[in-house]
Amino acid sequence: MSKYLSFLSLFKTKRKEPRYFKMGEFLTIRNISNVPLELKLVEHFDPAPSDNFSLKNIAMSLASVTNSLGMTNNITRAPVPEISANATPFASRDVSIPLPPFTITTTDIHSFIKNPSERLRLTFQTELGGKHQMYCPVPTAETASLVALAPNPKYRFTGIYLSQHAHVTLYKSSNLDSWMRELPDSTPLGALSIPGTHNAPTHYEAAPSVRCQAVSPRTQLENGVRFFDLRVQVPTPYDPKSDKLILVHSVFPIALSGPKHFRDLYKDIRAFLDANPSETLICSFKREGTGKGTDEQLGHILKDHYTNLTEWFTQPRVPTLGEARGKIVLLRRFNIDDQLKSQWDGKGWGIDAAVWADNTPSAMCPSGEVCVQDFYQIMEPASIDKKIEYATAQMERSGCCSYESDAIQAAQQQQGKQFPLYVNFLSGSNFWNVQTWPEKIAEKVNPACVEFLCLRHMVTDDGKGVKAGDWSTGIIVCDWVGLDGDWDLVRCVVGMNSKLVQ
């Protein structure tokens, strides 16, 4: 403490003011984990020398994500250099600031002392004594995982630093390839915060208005994604003996290199679930493309060539996590014929989302199983703000729900009581406007949603308290996650499940 105060005294008494003489705002820390934490040490570092992080290096990094039309995509965290392992802080301060679970704490720690470009290192400690360090801001090339200072720590944490707000949000982050492992079997899927991807397999080289993803579906799964939005074309002429389904985006193929088929994607999905039996994947199927294939034909291809009781959950209701582990949950955005309607004692087949209001800010499907936000007609860049408004409002609707085990048991005794899936599309597009193609929308929407989840999701209007509920985000269906290793949005969504862990 004395070293820190001594530096401040010297700083204030100098006659010649430095370039930045106003210290940063006080740091606010939000602990969204269910683990009590304590901030123990604060260290300030000078910015790295410019020759270690030149404009040339930035340009090379951006070039790696530039598509064929020369457009680039921003990521959540601005490019910053790493702090050298041998760096010495110019100021340090021992503190003891408790950070109880699910609370917001305003500290007396300045986000910077003499230069807005300086870096912070924060050291946190758990009740069991394990220490974890966070660098603010986190280097772009790394994940936002805190560095554990002891081997084999009991907990892992993710930290997101919003420099413009002097705000840190902490999440408990399991291994993203098996994050459902900690959650109780009795939890309905509608209670979970689930990262998803829109047009999940559209990571191939394709027209910019068609491509929606930066990385492959398998990479998405390994980094926490548990909902795939799939668009498939039924080949014509229809052959009931064929399992062929072509992956498309609207009427377009998803790759310039040639047709891609669901069978290959299915193999990757099954390989992942077989290796991670604690997990489930909700697959939404919608028929698109060209030709004369029908919804009913799509249903029979899936029923006859893919679905089975050991690998799929096809009941017409939202299951619990225990019922769905290791399985693909079928969410149906297509109509079915009478034969499939007779399945499951005449109740139907698959979670019924065949009908919802078009281009909607919020609508419940007639089945009552899915509440959706799917405002997608973003005709001009100004409409992106409206998209963000609708998406964050849907997160709040989901977050206010409460799914305690007693409430679940009571609700099951009430006829017709359902726990719907809150499906929240962050995607949108206008083919005729290059500024509203999927990548450009994600460039603005994804960071805005990260900021909202860290700063305002389930927070009272005064910014000091929190709202009641489980804080679920629902299913957040994204474009362009994982670009340049940036999984902040996925980590934020997964981290919101902490209230469900007993």
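In helix 12 of this predicted model, the residues Asp-488, Leu-489, Val-490, Arg-491, Cys-492, Val-493, Val-494 and Gly-495 are buried. Buried means under 20% relative accessible area, exposed means over 50%, and partly exposed lies in between, taken with a 1.4 Å probe on protein chains only. Because eight of the eight residues of helix 12 (residues 488-495) are buried, the helix is largely enclosed by the rest of the structure. The cover over these residues includes strand 8 (157-162), strand 9 (167-172), strand 10 (194-197), helix 11 and strand 21 (475-478). Helices (H or I, at least four residues) and strands (E, at least two) are DSSP runs, numbered from the N terminus.

Residues are numbered from 1 along each chain as its sequence is written. Local features need pLDDT of at least 70, side-chain atom pairs count only at pLDDT 80 or more, totals for chains, interfaces and linings use all residues, and side-chain values use heavy atoms, with hydrogens and water left out. The pLDDT is the predictor's confidence in each residue, from 0 to 100. The protein averages a pLDDT of 87, and 85% of the residues score at least 70. Over residues 9-15 the pLDDT is below 50, and this stretch has seven contacts in the model beyond near neighbours in sequence; a contact means heavy atoms within 4.5 Å. Residues 51-76 also have pLDDT under 50, with 41 contacts beyond four places in sequence.

Helix 11 also packs against another helix. Helix 9 (residues 383-399) and helix 11 (residues 438-455) meet at an angle of about 35 degrees, with their axes 10 Å apart. The axes are lines fitted to C-alpha atoms over the stretch in contact, and angles run from 0 to 180 degrees between N-to-C directions. Among the residues in contact are Ile-384, Ile-388 and Met-395 of helix 9, and Val-445, Ala-448 and Phe-452 of helix 11. By class, this contact has nine nonpolar, one polar and four charged residues. Here Ala, Val, Leu, Ile, Met, Phe, Trp, Tyr, Cys and Pro count as nonpolar, Asp, Glu, Lys and Arg as charged, and the others, Gly among them, as polar.

The largest nonpolar core has 101 residues, of which Phe-228, Phe-262 and Phe-285 touch the most other members. Helix 11 gives the largest share of this core, nine residues. Such a core is a set of buried Ala, Val, Leu, Ile, Met, Phe, Trp, Tyr and Cys residues joined through side-chain atoms within 4.5 Å. Residues that Phe-285 touches include Leu-230, Leu-302, Trp-312 and Phe-334. A second, separate core of 22 residues includes Ile-97, Ile-109, Leu-120 and Leu-170.

Several loops complete the picture. Ser-427 is found between strand 20 (421-425) and helix 11, and is buried, with a relative accessible area of 4%. Its contacts include His-198, Lys-387 and Asp-479. Met-379 lies in the loop between strand 19 (370-373) and helix 9, and is partly exposed at 46%. Met-379 touches Asn-430, Asn-433 and Thr-436, not counting residues up to four places away in sequence.

Trp-471, in the loop between helix 11 and strand 21, has a positive phi of about 65 degrees although it is not a glycine. Trp-471 is buried, with a relative accessible area of 1%. A cis peptide bond joins Thr-236 and Pro-237, with omega about 5 degrees.
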